[in-house]
Amino acid sequence: MRALLLALALLAAGTALAADKRAMTMADVHAIRDVAGPSLSPDGHWVVYTVTSDNLEWDKQVSEVWRVAANGGAERRLTYASPKSSWAAQYSPDGRWIAFLSDRGEEETTQVWRMPADGGEAEALTSFKGGVSEFAWSPDSARLALIAGDDPDEPTKLPDGEDGPAKPIVT
């Protein structure tokens, strides 16, 4: 009897779901959010990640940094850079900071920004004319290793005399 009741309940639920089916629309496509780049806090209690969504007002995709407890719970948006974006968040090894890439700011080039690990106002840590494409924390949380470009208006000369990409900065 119990099995029959369970089967009837499942059948009724399936029929209700079938009645709700409809064709996917462009509004549905624009509502899809991409979640990427998770980074676990050193104590294992928190995860920061990037959520990318379509912003129709600015006709572009916008990414923001979010945080959630590793064991689940309510998510919390940490950055509000729209119409600019923030992504690639990482906890510092000491757990005090979250650093991330963002194209916010007056120069509109990608730089490394930092905020307290529990959220708050972000501050720029770099200001390279050519921007920053990747970074990593030093084990003591005191420094960053960067992949950054030099002045994009001053390309290097290749051996054949042609202009090459901007000069890399090596320290």
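1. Leaving aside its neighbours within four places in sequence, Ser92 is in contact (heavy atoms within 4.5 Å) with Pro42, Trp97, Trp137 and Ser141. Ser92 is found in the loop between strand 5 and strand 6, where strands (E, at least two residues) are DSSP runs, numbered from the N terminus. Because its relative accessibility is 0%, Ser92 counts as buried, the term meaning under 20% relative accessible area, with exposed over 50% and partly exposed in between (1.4 Å probe, protein chains only).

2. This is a predicted model, in which local features need pLDDT of at least 70 and side-chain atom pairs count only at pLDDT 80 or more, while totals for chains, interfaces and linings use all residues. Residues are numbered from 1 along each chain as its sequence is written, and side-chain values use heavy atoms, with hydrogens and water left out.

3. Strand 5 (residues 86-91) and strand 6 (residues 97-102) pair in the antiparallel sense over four bridges; two strands pair if DSSP finds at least two bridges between them. Within this arrangement the bridge partner of Tyr91 is Ile98 in strand 6, and in the hairpin, which has five residues between the strands, Gly95 takes a positive phi near 80°.

4. Both Tyr91 and Ile98 belong to the largest nonpolar core, which has 11 residues, including Val48, Phe100, Trp113 and Met115; such a core is a set of buried Ala, Val, Leu, Ile, Met, Phe, Trp, Tyr and Cys residues joined through side-chain atoms within 4.5 Å. The elements that give two or more residues to this core are strand 5, strand 6 and strand 7 (111-116). Apart from it lies another core, of eight residues, among them Trp97, Val112, Val132 and Phe135.

5. Four strands form an open sheet with antiparallel pairing in the order 1-2-3-4. Strand 1 (34-40) and strand 4 (76-77) stand at the edges, each with a single partner strand, so one side of each is left without a neighbour in the sheet. Strand 1 pairs with strand 2 (residues 46-55) over five bridges, and Ala36 stands opposite Thr50 in strand 2.

6. A search of the whole structure finds five salt bridges, each defined as a side-chain nitrogen of Lys or Arg within 4 Å of a carboxyl oxygen of Asp or Glu. One of them joins the side chains of Glu64 and Arg77 (3.3 Å, N to O), linking strand 3 (residues 60-69) to strand 4 across 13 residues. Glu64 counts as buried at 4% relative accessibility, whereas Arg77 is partly exposed at 26%.
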